[in-house]
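Student: Could you take me through one part of this structure slowly? I would like a close look at the nonpolar core and the aromatic rings.

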Amino acid sequence: MQSTILESIGIDPFYLFLAMAILIVILFVMVISLHMKHARLKRSYSLFMRGKDGKSLEENIQGHLEKMEEIEMLSEENQIELRVIKERFTGSYQKTGMVRYDAFHEMGGNLSFAFSMLDGNDNGWILNVMHSREGCYMYMKEIVRGESYMELSDEETEALERAIYQETYDLEKVNS
């Protein structure tokens with residue numbers, strides 16, 4: 001017995017049956033997948049609600065909210081303390097640069113040195129110590145915002161640059 005409706009449309013009943021079978025298999029797989037997801041959700045809900053009624057659950061949530069408020073207050077206090085520490089730290093000496101050299105070319109070694117010490121704002125000083133056979137000479141020059149009002153020797157300039165760019169140099173050393 002053949003359908004005249006399918007013949008008039010031009011569809012072979014076998015292809016219609018095959019499409020319906022594929023659709024049934026796809027729907028069956030989707031039902032199994034949804035059933036598994038529902039079972040997992042039900043299990044996690046049971047775990048979440050284990051031994052609790054609505055009132056105890058509300059108390060539990062309220063306790064967590066109070067803890068979060070305490071943590072938020074501590075975080076704000078920590079941020080303020082970090083700002084204060086950072087402000088204090090910029091005024092302390094934190095950058096150094098040193099260059100050893102032979103000042104008089106007669107000692108046979110690099111006994112002389114230029115040493116710079118700067119704070120976070122590049123303010124500080126350079127100490128230049130020159131050794132010779134006759135004695136030891138020390139000079140100190142003030143540094144303000146990375147510059148000196150007195151003329152610097154090549155060694156002092158190098159020590160100053162090493163101190164100023166020490167952060168960059170240290171970061172490059174850490175990253176490599």
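**Core and rings**

Tutor: Happy to! Six residues make up the largest nonpolar core: Leu118, Ile126, Ile143, Leu152, Leu160 and Ala163. Keep in mind that this is a predicted model.

Let's start from Leu118. Setting aside neighbours within four places in sequence, Leu118 is in contact with Ser92, Tyr93, Gln94, Lys95, Asn123, Gly124, Trp125, Ile143, Leu160, Ala163 and Ile164. Among these contacts, Ile143, Leu160 and Ala163 are also members of the core. There is a second, separate core of five residues as well, including Val99, Tyr101, Ala114 and Met130.

Now for the rings. The structure has three aromatic pairs. In one of them, the ring centres of Tyr93 and Trp125 are 6.2 Å apart and the planes meet at 70°; an angle over 60 degrees counts as edge-to-face, so that is what we call this pair. Tyr93 belongs to strand S1 (residues 93-101) and Trp125 to strand S3 (residues 124-131), so the pair ties together parts that lie 32 residues apart in sequence. Is Tyr93 buried, exposed or partly exposed? Its relative accessibility is 47%, so Tyr93 counts as partly exposed.

Trp125 has another partner, Phe115: their ring centres are 6.0 Å apart with the planes at 55°, so this pair is tilted. Phe115 sits in strand S2 (residues 112-119) and Trp125 in strand S3, so here the parts tied together are ten residues apart in sequence.

Putting the rings together, Tyr93, Phe115 and Trp125 form one aromatic cluster.

Methods
Residues numbered from 1 in each chain as written. Predicted model: local features only at pLDDT ≥ 70, side-chain atom pairs only at ≥ 80, totals over all residues. Heavy atoms only, no water. Core = buried A, V, L, I, M, F, W, Y, C linked by side-chain atoms within 4.5 Å. Buried < 20%, exposed > 50% of the residue type's maximum accessible area, 1.4 Å probe, protein only. Contact = heavy atoms within 4.5 Å. Phe/Tyr/Trp six-rings, centres within 6.5 Å; stacked < 30°, edge-to-face > 60°. Helix = DSSP H or I, 4+ residues; strand = E, 2+ residues; numbered from the N terminus.
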